[in-house]
Amino acid sequence: MKGLSYYIYFRVAEQQAEILEARIRAMQAELRQTTGISGRLMKKHGEPLLWMEVYEQVSDGGKFELALAAAVEKFKLVECLQPGSIRKTECFA
């Protein structure tokens, strides 16, 4: 088994896009240092306010999910989402 893959998608408040991108990149750099998992940030073609974070080859899902939740809170990502939007996480093996 190659591990788990996490796909987290959400809608960004347009006026917060630049701020959120910087926060996500900083969060992903910290996650890479603390968990060894590199993340990617993607933006939907033709729908630039729909973003997705991707984390692959996660061997310990529980540990990674705890680290990710703490990082999301630390970097205050939720405050940059569109009103009524949430971070939706899907995990595939």
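Colleague: In what order do the elements of the chain run from the N terminus on?

Modeller: Helices (H or I, at least four residues) and strands (E, at least two) are DSSP runs, numbered from the N terminus. Here the order is β-α-β-β-α-β, with two helices and four strands in the chain. Note that this is a predicted model: local features need pLDDT of at least 70, side-chain atom pairs count only at pLDDT 80 or more, and totals for chains, interfaces and linings use all residues. Residues are numbered from 1 along each chain as its sequence is written, and side-chain values use heavy atoms, with hydrogens and water left out.

Colleague: In a regular strand, where do the side chains go?

Modeller: In a regular strand they alternate between the two faces of the sheet.

Colleague: How many bridges join S2 to S3?

Modeller: Six bridges join strand S2 (residues 39-44) to S3, and the two run antiparallel. Methionine 42 has methionine 52 in S3 as its bridge partner. The hairpin of S2 and S3 has two residues between the strands, and glycine 46 takes a positive phi near 80° there.

Colleague: Which residues have the most contacts inside the largest nonpolar core?

Modeller: First, the terms. Buried means under 20% relative accessible area, exposed over 50%, and partly exposed in between (1.4 Å probe, protein chains only). A nonpolar core is a set of buried Ala, Val, Leu, Ile, Met, Phe, Trp, Tyr and Cys residues joined through side-chain atoms within 4.5 Å. Of the 93 residues of the chain, 37% count as buried. The largest core has 23 residues, and those with the most contacts inside it are Phe10, Leu20, Met27, Trp51, Tyr55 and Leu68. Two or more residues come from each of strand S1 (4-11), helix H1 (17-35), strand S3 (47-58) and helix H2 (61-74). H1 gives the most, with five residues.

Colleague: Is methionine 27 buried or exposed?

Modeller: Methionine 27, in helix H1, counts as buried because its relative accessibility is 0%. Contact means heavy atoms within 4.5 Å. Not counting residues up to four places away in sequence, methionine 27 touches Glu53, Tyr55, Leu68, Ala71, Val72, Phe75 and Leu77. Methionine 27 and leucine 68 are 41 residues apart in sequence and 8.7 Å apart in space, C-alpha to C-alpha.

Colleague: How many aromatic pairs are there?

Modeller: Rings of Phe, Tyr and Trp (its six-membered ring) pair if their centres lie within 6.5 Å; planes under 30 degrees apart count as stacked, over 60 as edge-to-face and the rest as tilted. By this rule the count is four. Tyrosine 55 and phenylalanine 64 have ring centres 5.2 Å apart and planes at 55°, so their pair is tilted. Tyrosine 55 is buried at 0% relative accessibility, and phenylalanine 64 is buried at 2%. Ring pairs link Tyr6, Tyr55 and Phe64 into a cluster.

Colleague: How many disulfides does a search of the whole structure find?

Modeller: A disulfide is a pair of cysteine sulfur atoms within 2.5 Å, and the search finds zero. Cysteine 80 is buried at 0% relative accessibility, whereas cysteine 91 is partly exposed at 38%.

Colleague: Where is the place of isoleucine 86?

Modeller: Isoleucine 86 is in the loop between H2 and strand S4 (88-92). Its relative accessible area is 59%, so isoleucine 86 is exposed. Leaving out residues up to four places away in sequence, isoleucine 86 touches Tyr9, Phe10 and Leu81.

Notes. Two strands pair if DSSP finds at least two bridges between them.
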